[in-house]
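Subject: Structure for your files

Hello,

The structure is placed below, followed by notes on what was found in it. Please look it over before reading on.

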Amino acid sequence: MPEYSAGSMRKNITFQTEVRAADGGGGYVQTFATNFTAYSSVNPISGNEQYKQGVLSDTQVYEFVTRYRSDKTVTPSNRILWGSRVFQVKSVINHMERNKYWVIRAEEKVAT
């Protein structure tokens, strides 16, 4: 894996966690709460288009590299906001186990 630099981390992204809020009728509504924001490099990795049961779905995988934070956690239960785009976290790697960078793979579902 390459060594990353702070200069490549120019995109401001937001990490969010799903929160269940009572809807007043005995059920719950899914909402998202912001955990933290960070600067990151954003790189497209791959794309996939599938046609299943008459529905076309398009997904794109991106790699986000951001500085490691000991006071925060990122897991596949999080999502990333980058501008108006939404990405579901698929994996989080502590680059070379040095607590210096997180390499995050996330998937964006594109409406077709």
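Along the sequence the pattern is β-β-β-β-β-β, with six strands and zero helices; both are DSSP runs numbered from the N terminus, helices being H or I of at least four residues and strands E of at least two. This is a predicted model, in which local features need pLDDT of at least 70 and side-chain atom pairs count only at pLDDT 80 or more, while totals for chains, interfaces and linings use all residues. Residues are numbered from 1 along each chain as its sequence is written, and side-chain values use heavy atoms, without hydrogens and water.

The C-alpha trace spans about 50 × 35 × 25 Å along its principal axes. Of the 112 residues, 30% are buried (under 20% relative accessible area, 1.4 Å probe, protein chains only).

Beyond its neighbours within four places in sequence, F15 has contacts (heavy atoms within 4.5 Å) with residues including A33, F36, T66, V74, I80 and I104. Among contacts between residues at least 6 apart in sequence, 53% join residues at least 24 apart.

Regards

Notes. Buried < 20%, exposed > 50% of the residue type's maximum accessible area, 1.4 Å probe, protein only.
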